[in-house]
Amino acid sequence: MDIALQGKYSKGELRQALTMGFGRWFKILGTGTLVLAALFLVVVLLIAFPLGASGMIGMLSNTLPCLLGLCLFGGMMLASPLLSARKMAKSPQFERPVTGSVTDEAVEISSDLTTTRVEWQAFVNYRMAGEVVLLYQSKAAFTILPRGLFASDDDWQRFRQHVRDTLPEK
């Protein structure tokens, strides 16, 4: 197998890759925290409502820092992949066009700044979703291969099948 790679990483592909890379728990924790904040607000309002306007204002002023903290934490958890993708897209490594190849021996990606060659044996597992494949070298290090770097759908499908045949899914 010898599949040529050429193109540029898009912000959308990087966002999808980082969302996958951050993992499902990041999204679950962020969403769960926002739901918890909403439930907390409902409980506070139900307790404070019988106390009248002054009691409600007092209760809300006491619990507002906690509510804001929960909302901020949950929002940051959900926004982290997006914010990281924006920063990554502005880095010189991802701004420039890349070329490379996928062979039976290795994945190689080059730009005018860097060249990366990783043998298939170095990859421990993969994640695949939509238009992006992540090839993991460890829990935290992965190579991003988006659909946009492949010349045809046939090349993309052959690559995805090779990944499935070669590596265990994460």
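1. Arginine 96 has a relative accessible area of 29% and is therefore partly exposed, a class that lies between buried (under 20% relative accessible area) and exposed (over 50%), as computed with a 1.4 Å probe on protein chains only. Arginine 96 forms a salt bridge with aspartate 112, and the closest N and O atoms of the two are 3.0 Å apart; a salt bridge here is a side-chain nitrogen of Lys or Arg within 4 Å of a carboxyl oxygen of Asp or Glu. This pair links distant parts of the chain, 16 residues apart, with arginine 96 in the loop between H4 and strand S2 (98–103) and aspartate 112 in the loop between strand S3 (106–110) and strand S4 (115–119). Helices (H or I, at least four residues) and strands (E, at least two) are DSSP runs, numbered from the N terminus. Aspartate 112 counts as exposed because its relative accessibility is 60%.

2. On the basis of the model, please note that it is predicted, that local features need pLDDT of at least 70 and side-chain atom pairs count only at pLDDT 80 or more, whereas totals for chains, interfaces and linings use all residues. Residues are numbered from 1 along each chain as its sequence is written, and side-chain values use heavy atoms, with hydrogens and water left out. The mean pLDDT (the predictor's confidence in each residue, from 0 to 100) of the protein chain is 87, and 100% of its residues reach 70 or more. Confidence is lowest in helix H4 (residues 92–95), with a mean of 78, and highest in helix H5 (residues 153–166), at 95.

3. By the rule given above, the count comes to 5 salt bridges. Among them, arginine 147 and aspartate 153 meet through their side chains at 2.8 Å, N to O; arginine 147 is buried, because its relative accessible area is 16%, whereas aspartate 153, at 51% relative accessibility, counts as exposed. Elsewhere, salt bridges that share partners join Glu108, Arg117 and Glu119 into one network. Within this network, the side chains of glutamate 108 and arginine 117 meet at 3.6 Å, N to O, and glutamate 108 is partly exposed with a relative accessible area of 26%, as is arginine 117 with 47%.

4. Helix H2 (residues 24–48) has 25 residues, so that at 1.5 Å a residue it should span 36 Å, and its end C-alpha atoms are 36 Å apart, which agrees; the expected span is 1.5 Å times one less than the number of residues. Gly30, Thr33, Ala37, Val44 and Ala48 are buried in H2, and the buried residues of this helix pack against helix H3 (52–89). Tryptophan 25, also in helix H2, counts as exposed because its relative accessibility is 68%. The C-alpha atoms of tryptophan 25 and methionine 77 are 9.7 Å apart in space, although the two are 52 residues apart in sequence.

5. Leucine 72 is found in helix H3 and, at 57% relative accessibility, counts as exposed. Together with Met76 and Leu83, Leu72 makes a nonpolar surface patch of about 280 Å².

6. Histidine 162 lies in helix H5 and counts as buried, because its relative accessibility is 16%. Histidine 162 touches Met1, Thr103, Asp104 and Trp120, not counting residues up to four places away in sequence, where contact means heavy atoms within 4.5 Å.

Methods: Patches are made of residues with over 30% relative accessible area and no salt bridge: like charges are joined within 9 Å, nonpolar side chains (Val, Leu, Ile, Met, Phe, Trp, Tyr) within 5 Å. Accessible areas come from the Shrake-Rupley method with a 1.4 Å probe; for residues, only the protein chains shown count as cover.
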